[in-house]
Every structure is written in structure tokens, then in C-alpha cells.
Amino acid sequence: SAMRETRTKKTKTVCTFCGVGCTFEVWTKDRHILKIEPSEDAPVNSISTCIKGKFGWDFVNSDQRLTTPLIRRGDTFVEATWEEALSLVARRLGELRDTYGGNALGFVSSSKTTNEEAYLMQKLARQVFETNNVDNCSRYCQSPATDGLLSTVGYGGDSGTIKDIASAGLVIIIGANPTEGHPVLATRVKRAKKLHGQKLIVSDLRRHEMAERSDIYLHPRQGTDFVWLTAVAKYMIDQGWQDESFISARVNGYEDYLQFLQPYTLEYASNITGISIAQLEETARLIHEADGTCVLWGMGVTQNIAGSHTSAAISNLLLVTGNYGRPGAGAYPLRGHNNVQGACDMGTLPQWLPGYQHVSNDVARAHFEKAYGVSISPKPGYTNIEMLKAVEAGKLKGMYLMGEDMAWVDSNSLHVHEMLSELEFFVVQDVFFTKTAQFADVILPACPSLEKDGTFTNTERRIQRLYQALEPLGDAKPDWQIIQEIANRLGASWNYSHPGEIMDEIASLAPVFSGVSYKRLEGWNSQVWPVLPDGTDEPLLYLERFNFPDGKARFSMVDYVAPVEFPPEFDLVVNNGRMLEHFHEGNMTNKSKGIQYKVPDVFVEVPPALAQERGVKDGTMVRLVSPYGAIKLRALVTDRVQGMELYVPMHSVSHENAINILTGNAVDVRTQTPAYKQTKVRMEILAEI
Ligand code: SF4
């Protein structure tokens, strides 16, 4: 009826469950989510969505939502008013600042909150506390990819759009499982293969669905992708398959690079990686024959001690073969969370001001110092990892963390728990009472995306608007309002009445966003940064120049770093990753009834031969023990895994059985991203089914 029609509201929103950036309308009536309706106008996904985007939203009405501020009283929490909670936060953070200095505080932003909220978190750190100690959870996943690209081509983002990937002659996927992690993007690749014979190479420990579909499936030893990538680059040059004119016109350091490549023969690579020489030759041949190669990679590359180096090696291979600056070619790190890209773009990074302006850059810093009315240190602050080390060293006393479950997703969680309990004052702002919240002194209830306005930036650098569909639940508030309240209680005079005003400020301070505005982002419109003042954007990077002063790219020449060694009793590699149905650690999707029904538990995949040798069957309860901790779970015998390799999904139902009890302290040598993938365990059998 007409009555009913008027009460149903349709609101355009951006999906929060992965970096693909699908947009659709959400139909709501009061707090009921009636349906998700995609549209042909959606720039990334058109009429497609995956199970999470379509059915994953009932967590917003979960009775486990935080709806009021909480303050610690001994071992429990009591409900508080906003006034009480915010004054306490401002007073204690202010006292720590005044006693120990701003550098005694750490600020952790989120890759799930909006760009505007991330921007305010870094502004709070840099203006109100005069510290660069601000980071975001891309430290746990994609920082190495950003680093590898910044050092070779100059922008830390995908070089083209998801549509471009579909037009490539060859797609190479390394250490990523897009079918489950980036479903709509995966369907684009599958369709391109079917429609125009696009070739596919997959390098992964696990023979996942994309690997099954590939023309070549490479199974390197854990942590050795760098070696085969570099050897294939050398082999292609030896065959005369390099793009000589591209290299001479657009890349610096070729002569040195040729020298650097000398040791990386196919024989050497085959020895280190376990991949046959024939497969490596075949890989090189496919790249040579393809009209355009795109390389997509994920955490199987980045969460290793050589994660940055390997990301740079991918970029080197693309440079050698002239695969930048044209459609159907380029580098595609696959961002995991919906706003990993945006969180980094907004300068919630200890060495970068918004728009990747380095803190040591005097001109950029002066610009911000003038706008913020404070002095900013030219020295990078602490990463998330360094923050915890600084707690251990007695240098970091307080933390303010937004939308990030550090106690569950950082590696070696038992140690993380210890460090978080050492803090003198700890503020956690989230939608749920997370594992991390258990360590807080004050917990502030925030709004999920459906309850707020703002923008997210997807994996292809596309900035998209989300509109508020629901009123905040209980007393929850949008993150940007909470940060503003805290800043103003500490002497700032921020006066934002809408996120659009925050975006205007971002555009005025970061040249790559200079032409971004809410007006230009209205409805289904989007802008792909860098955006010129007149609003022209740049979906395909590097057409004319790379992002360095001389416009030329650079080869990265860093040596191979071999994987972490473990004592021999830890004989099994335990890989981990995402499942289609679950989002990351599971805080949101565990509270979605439909998803819980389908995938209620976590498990460990065991290869058939190993299972037989050790007497493990489907459903056998096993205990995995690493040098850092132990977890119990059921075995699933499957040939998706092989050799001495296991696989555990990264979501878990209880913290006690979470993968990060097992992961260790080793980190990527350049960015300190934990080497989650370099985890070894021994397996004990607990009981038959
Ligand atoms: Fe959401 Fe990613 Fe699925 Fe799209 S592919 S609906 S962005 S989870």
C-alpha cells in the first residue's frame, strides 16, 4: 500500500565487508533491513554482490551492540553517560600528555571507519597531542604492498581499476584467494577467462578455487615468492622478452638491476621455491605472450618477513615487461577491509601526513603546521607494533583505539594481552565489546556504517559516498563526532557539523584529493584519486609519468630474506586466511544469524597423506602448538592443502581458539607487518570424532 511504501526508506551505501567497494541501496523500515538492492549505476559491482554484502548486515541490530559508554570499575564495567565518559577520557589522556609528553600516547585508527573519521584521528594525534604516533590496522595486512609500490612506482595503491583487470591478457594472483576474500572481483576474472580466454596463473600454498581454474598453479615453499618473481624477470631479460623502449624511457637504474639479477637463475629459484624450472619457463612465456599482465596479491605475500621486498619484486617484473600505464596491466594489491586504502590515504600512518606527504617533507609539514597551529615532528612516530614495544619499555602510557580488535588480530595475542593490560589508560571505541575492549578503561559505543554519513575508498582508489540509513542504536555515536568531542575537551575548537566539511579540509591539505568534494560524489558518483582541483580523476595511473620528481619508476634492488626458522619439533607450516562467509576475525559476521548457521565453527585443513600418516580423520579433534601458544580445533581432511602444510581460517568463534594465539613476533623487515604466514606448529591428536 501507499502507506507502507512511504515508510520504506532506500539509502545508498558502500559495503563494509571487503576492499572491492560494492555499492547498493539498502531498503529499511525503522531498524529492519528489508533488502539489499544493487544497481546498474554502481561503478564497481553493477548488479552483483556476494553473500556478505547481501546478507551480512543483521549485526547492526545485534543485542550485543554497545549502546552506552562504559567505564571500568575494578574488574567490571559500569554504564556511564557520554558526559562522564568523555570527561574522563579527556582528563586522563590530558594528564598523560602533560606529565609524559604527547609521544607517550598512541592512536590506532580503523580501516573500517570512514575517511573523514580516519582523518580526524590523525588530526587529534598530530594537533592535540603533537605526536606522529598514529597508525591503522593496515599495519597487519597491506603496509608491505604500499611500501613496495611507493618505492618503485610512487603511489601506494592499485594502478588501475577492477574493470581494467578484466581486460588483461593474463592475470597472476599471488597469495590471495579472491573467490572468498574479494568475491565480486573474482567473478570479473572468471568471466574474463570464459569470455575472452584470459590466462590465469596462481601462486599459493593452497589449491583454492582460483588455483583450480588456473592455467598454471605454482606451489612455492612458504615465503619464497620473491625468488621466483625475480628469477622470472631475469629469465625474461635473458630471452630478450623485456620491454626495452619502456624501460629506457620510463625506468631508472636498469644497468644496476641487471647486475642485481645475476644470482637469480631458474635453477636457484627452483631450489629455493620447489617450483619446477619448466613451470617457471612456462610462467615467463605466458607473461611474454600476454597482451597486458595484471598482478593481484594479498596477505600470502605481505604477511611475511619479506613482504615489502616481494611486493617490490612484483612491481619490478611489471616494469621489466612494460606492464604499467596502460589498460589491462599493472599492480593490484587487494585491500582486505573496505577502507584500508582510505585509512592510509588519510595519514593515519606514523610517517605520512594525509595524501602520502612524508613527515620529513618540510614544505608539506609547514602546510599542516599552519593549518593546525602546532609544530609537527619531522620524525615518524610509532607503528602499532612499536606502540606495544614502547609499552613494554615503559615509554607509552596511554592509547586511544578505534574500530580495531588488536587483542584478537595482532600476532602473538597472548603477549598483546599482557601489553594492553600494562597501559595506564586505554580507550576503546567500537561497535561491539571486542576482545580488546576487555582491557579498556573506557569503552565508547560507535556506529557502524549504516548509521552514518561519509566516504570509503576501495582497493582501486575509488572514493564513494555512503549515506545514513539508520538512526544510531541506543546512545551510540558516529566516530567522527566522538573524536571531535574529545579534541574539543582537550582545548581544540573543531566545529564540524557534517563529514562533508571534514572532506573539504582534507581536499585543502592533500594535493591528491584537491578536487574531491561531496558535491562531486553525490549518489552513485565516485572519484578515483589523484583528483585535480577541477575534479578530473585518474583511474589509470602512470599513463605519462610515475610519481617521482623525474617522472621515472625505479627498480627495487633488495636481497631475498629467507623465512623464519623454527625448532624442528614445529614441523608443520600453518597458513591462514579468509573464508567467503566470514569477515576477518569474525566480530561482525559471528553476529549475523544467516552466516552463523552456514559456518558456525572454525577448523584446520589437513592434507590427505599427512592425515593418513598421523591417523587424523575428518572431525578428529587436534591441538596445534606453536612456540607462542596452543589452540584446539577439528580437522578437515582435504587436498586443497599438501605436503607438510595446514590451513586455518582467520575467523574464530572464541578467542581461545584463534589463529593468533599461534602466530609469532617476526615482522616484515621494512614495515613491521607481522609475518603471520610464517607460523609453524606441531599437531597433537586429542580424540577421535
Ligand atoms: Fe561486499 Fe566485497 Fe562482497 Fe562486494 S565483494 S558485496 S564489497 S564483501
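Me: Axes are lines fitted to C-alpha atoms, for helices over the stretch in contact, and angles run from 0 to 180 degrees between N-to-C directions. With this in hand, how far apart are the axes of helix H13 and helix H14 where they pack?

Reply: This is a predicted model, in which local features need pLDDT of at least 70, side-chain atom pairs count only at pLDDT 80 or more, and totals for chains, interfaces and linings use all residues. Residues are numbered from 1 along each chain as its sequence is written. Helices (H or I, at least four residues) and strands (E, at least two) are DSSP runs, numbered from the N terminus. H13 covers residues 266–273 and H14 covers residues 277–289, and the two pack at an angle of about 115°, with an axis separation of 9 Å.

Me: Which residues of H14 make the contact with H13?

Reply: Two residues are in contact if their C-beta atoms, placed from the backbone, lie within 7 Å. On the H13 side the contact involves Leu266, Glu267, Ala269 and Ser270, while H14 contributes Ile277, Leu280 and Glu281.

Me: Is the crossing of H13 and H14 left-handed or right-handed?

Reply: A crossing is left-handed if the near helix is turned anticlockwise from the far one by less than a right angle, and right-handed if clockwise. For H13 and H14, the crossing is right-handed.

Me: How many residues in the contact of H3 with H22 are charged?

Reply: In this contact Leu86, Ser87, Val89 and Ala90 of H3 meet Glu485, Ile486 and Arg489 of H22. To sort them, Ala, Val, Leu, Ile, Met, Phe, Trp, Tyr, Cys and Pro count as nonpolar, Asp, Glu, Lys and Arg as charged, and the others, Gly among them, as polar. Four of the contact residues are then nonpolar and one is polar, and the number that are charged is two.

Me: In which handedness does H19 pass H21?

Reply: The axes of H19 and H21 come within 9 Å and cross at roughly 60°. At the contact, Leu388, Val391 and Glu392 of H19 meet Val416, Met419 and Glu422 of H21. The crossing in which H19 passes H21 is left-handed.

Me: Which helices each supply at least two residues of the shell around the ligand?

Reply: A residue is near a molecule or strand if its C-beta atom, placed from the backbone, lies within 6 Å of it. There are 14 residues around the ligand, and the closest are Cys15, Cys18, Cys22, Cys50 and Gly53. Domain 1 (2–61) and domain 3 (143–333) each give at least three residues to this shell. The helices that each supply at least two are H2 (51–55) and H8 (183–196).

Me: Which residue does a cis peptide bond join to Trp529?

Reply: The loop to look at lies between strand S21 (526–528) and strand S22 (553–554). Omega of the cis bond is about 0°, and the residue joined to Trp529 is Pro530.

Terms used: Domain bounds come from an automatic or database domain assignment.
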